[in-house]
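Subject: Handover of a structure for your review

Dear colleague,

Please find below the structure that I am handing over to you.

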2 protein chains.
Amino acid sequence: MNNKIEEDKMISVGINGYGTIGKRVADAVARQPDMKVAGVVKTRPTNEARHAIANKYKLYANNLENMKNFTDAGMEISGTLEDLIEESDIIIDCTPGKVGPANKELYISKKIKAIFQGGEKAPIAEVSFNAQSNYRNCIGKDYVRVVSCNTTGLCRTLGIIEKTIGIKKARVTLIRRGPDPGNSSKGPVNAIVPNPVTVPSHHGPDVNTIFPNMDIMTSAVIVPTTLMHLHTIVIELKNPTTTEEIKELFKKTPRIILVKASEGITSTAEIMEHARDLGKKRGDLNEIAVWDESINVIGNELFYTQAIHQESDVVPENIDCIRAMLSITENPDESIEMTDRAMD
Amino acid sequence: MNNKIEEDKMISVGINGYGTIGKRVADAVARQPDMKVAGVVKTRPTNEARHAIANKYKLYANNLENMKNFTDAGMEISGTLEDLIEESDIIIDCTPGKVGPANKELYISKKIKAIFQGGEKAPIAEVSFNAQSNYRNCIGKDYVRVVSCNTTGLCRTLGIIEKTIGIKKARVTLIRRGPDPGNSSKGPVNAIVPNPVTVPSHHGPDVNTIFPNMDIMTSAVIVPTTLMHLHTIVIELKNPTTTEEIKELFKKTPRIILVKASEGITSTAEIMEHARDLGKKRGDLNEIAVWDESINVIGNELFYTQAIHQESDVVPENIDCIRAMLSITENPDESIEMTDRAMD
């Protein structure tokens, strides 16, 4: 049985930027029953561009000038970003942070909707997006920003607690990975780097783009690891709850999983080994992993520790964001369920 | 001018264990005007034992059986731990964590005072020690435990805030180094390890051995670095203050220094490079380094980030602890000033 809708009724998604996030978004789009990849944009004929071709994604250059580099490298190129826009119902902008504003001018002139990533500042979009928190705010919008991997992780777990029990205030330390695993040029090799050195970091205000009234303060450091970010979280609750109630809450919430040190998952390394054993492409983990043993309610405070797969947690968010902006469904749960089933 | 008192009036200090802490305590004792190193104990004739000999410290084996290994290795050995005890007014036990209880039985039978390190559990001693926080509680005591490097760092900065402004509650995340720099066998290499996975970690209760009534909760992770620990700290204050007032407070408190990212100290790596430039032996930093830019008072909350040189911050504490236990002075400031001047 093929649940896919007819080819010409599918949402045609152009992906501008085929790096860490872009290549994953392309694969996620390709798996959705209601979407297809119109094509992907690269600036240079890299090895990743060869993967795009191998995946049968039509390859576009970011401009006419760069097209020649692809043909010189023996790669078939279908045109430029402007050509891709003609083929697309929506563009997912997965270009490196801070390139977005220039691209946005093009999208506006071409009258095409676009999704930006969390590396851009919030004002680039009409609204920031987290599927489980504010899907409905983004319905029909033209320019939306999916918040960063860390903010997505915070929104998922804080969001369900805010909704169910109520948050008086949240105080979080983010222990961030240095580079991604496929990057050999960045550090740190042997240091802990407050980044930013000022407190609060920008992550708290970024959560406020989704939850404007949440009292949240964040400190952030970067450490010599590539696998995941980790958050230590302290929440003052508005209403009473129990450790067990929080565990049950996380268990039944999509895109959150509980992991147990008692079962050998003692660090981010074992979490990602678990993900590899699950067999998803690239060993990705789209869910936020919360350590079962870390969850502790003491008085009106809740403590827990969670880990974020920075390369992949925002990928399903981009898919849901497409459905919201194109008003495919007004029900976030329906989109989330469709996205996750297709990616499983 | 030689301020040293006569040799036979000096406190004779035996050091049981000549590893990371023991070798530093020996050097610190040797520099004090009122103390001398009676000798140091090693279990095996390692390279560190050769350094002890080169430093002209009399070398003792932990027992008769092991003495032969030293003579076989061509190292002059002066006897056993029991012989060293005869030569000493006090023993600093710097053996690896958890060996202390067996050693304590020997110290009791030999009627000699002893200082234990933070790797031992608190009940091994009559009282735990931090010079700036509870020196007077330890005057004349027989068995005292100098708290661990992390707890020492917390006691120094929390202590002065508690004393001056008052702490309603403190919530801390400890980002701990993996192994020490001279250890090539331990990890993690590429992971963030919640350690312990449960919240709170043992560090909060350990601070309570010094400040019994302080409301403090700690989370702790281990990361792939060797240089320093780092703490992100959130304090709810009892009384109003300002960011500037906290900076002034830290500036005038011994054993705390402010470092500035704006002057290039952007991580633990640059802090330790600063320490190496100061020229102390082994590039040690006995002070707790607080990032100037991280200090931020918002409403009744204070935020800051500090780094701890785990190999050396407890060393001056051991020196002051000797003076307290032997009732050399009842004034902590006098001992602290004497210790720090001698180590400078």
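**Helix packing**

The helices α11(B) and α12(B) cross in a right-handed manner. Please note from the outset that this is a predicted model. Sorted by class, the contact of α11(B) with α12(B) holds six nonpolar, two polar and three charged residues. As to geometry, helix α11 of chain B covers residues 315–325 and helix α12 of chain B covers residues 332–343; their axes lie 9 Å apart, and the packing angle is about 135°. Because of that angle, α11(B) is oblique to α12(B).

Helix α11 (residues 315–325) of chain A packs against helix α12 (residues 332–343) of chain A at about 135°, and 9 Å separates their axes. The angle therefore makes α11(A) oblique to α12(A). The crossing of α11(A) and α12(A) is right-handed. On the α11(A) side, the residues that meet α12(A) are A:Val315, A:Pro316, A:Ile319, A:Asp320 and A:Arg323. Their partners in α12(A) are A:Ser335, A:Ile336, A:Met338, A:Thr339, A:Asp340 and A:Met343. By class, six nonpolar, two polar and three charged residues make up the contact of α11(A) with α12(A).

In chain A, α11(A) also packs against helix α1, which comprises residues 20–31. The axes of α1(A) and α11(A) come within 9 Å and cross at roughly 55°, so α1(A) is oblique to α11(A). The crossing of α1(A) with α11(A) is right-handed. Helix α1(A) contributes A:Arg24, A:Val25, A:Ala28 and A:Val29 to this contact, while α11(A) contributes A:Val315, A:Asn318, A:Ile319 and A:Ile322. The contact of α1(A) with α11(A) consists of six nonpolar residues, one polar residue and one charged residue. A:Val315 and A:Ile319 take part in the contact with α1(A) and also in the contact with α12(A).

**Cavities**

Rolling a probe the size of a water molecule over the atoms shows where empty space is left. How many cavities of 30 Å³ or more are there? The count comes to three.

The largest cavity holds about 120 Å³ of space. Its lining is formed by 18 residues, and those nearest its centre are A:Arg171, A:Thr173, A:Val234, B:Arg171 and B:Thr173. Two or more lining residues come from each of β8 (167–177), β10 (216–223) and β11 (229–237) of chain A, and likewise from each of β8 (167–177), β10 (216–223) and β11 (229–237) of chain B. Eight residues of the lining of the largest cavity are nonpolar, eight are polar and two are charged.

The second largest cavity has a volume of about 70 Å³. From chain A, its lining takes A:Lys169, A:Ala170, A:Arg171, A:Val234, A:Ile235, A:Glu236 and A:Glu301. From chain B, the lining takes B:Lys169, B:Arg171, B:Val234, B:Glu236 and B:Glu301. Strands β8 and β11 of chain A and β8 and β11 of chain B each supply at least two residues of this lining. The lining of the second largest cavity divides into four nonpolar, no polar and eight charged residues.

**Backbone details**

Which kind of peptide bond runs from A:Gly187 to A:Pro188, cis or trans? The bond is cis, with omega near 0°. A:Pro188 belongs to the loop between β8 and β9 (193–194) of chain A. In chain B, the peptide bond from B:Gly187 to B:Pro188 is cis, also with omega near 0°, and B:Pro188 is located in the loop between β8 and β9 (193–194) of that chain.

A further point concerns A:Arg282, which is not a glycine and yet has a positive phi of about 65°. This residue sits in the loop between α10 (268–278) and β13 (288–291) of chain A.

With kind regards

Notes:
Residues are numbered from 1 along each chain as its sequence is written. Chains are lettered from A and ligands numbered from 1 in the order in which they are written. This is a predicted model: local features need pLDDT of at least 70, side-chain atom pairs count only at pLDDT 80 or more; totals for chains, interfaces and linings use all residues. Side-chain values use heavy atoms; hydrogens and water are left out. On a 1 Å grid over the protein atoms alone, a cavity is a set of points where a 1.4 Å probe fits but cannot get out, and a pocket is an open set with protein on both sides within 12 Å along at least five of seven lines; lining residues have an atom within 4 Å of a point. Grid points are joined across faces, edges and corners, and a volume is the space filled by probe spheres set on the points. Helices (H or I, at least four residues) and strands (E, at least two) are DSSP runs, numbered from the N terminus. Ala, Val, Leu, Ile, Met, Phe, Trp, Tyr, Cys and Pro count as nonpolar, Asp, Glu, Lys and Arg as charged, and the others, Gly among them, as polar. Axes are lines fitted to C-alpha atoms, for helices over the stretch in contact, and angles run from 0 to 180 degrees between N-to-C directions. Angles under 35 degrees count as roughly parallel, over 145 as roughly antiparallel, 65 to 115 as roughly perpendicular and the rest as oblique. A crossing is left-handed if the near helix is turned anticlockwise from the far one by less than a right angle, and right-handed if clockwise. Contact means heavy atoms within 4.5 Å.
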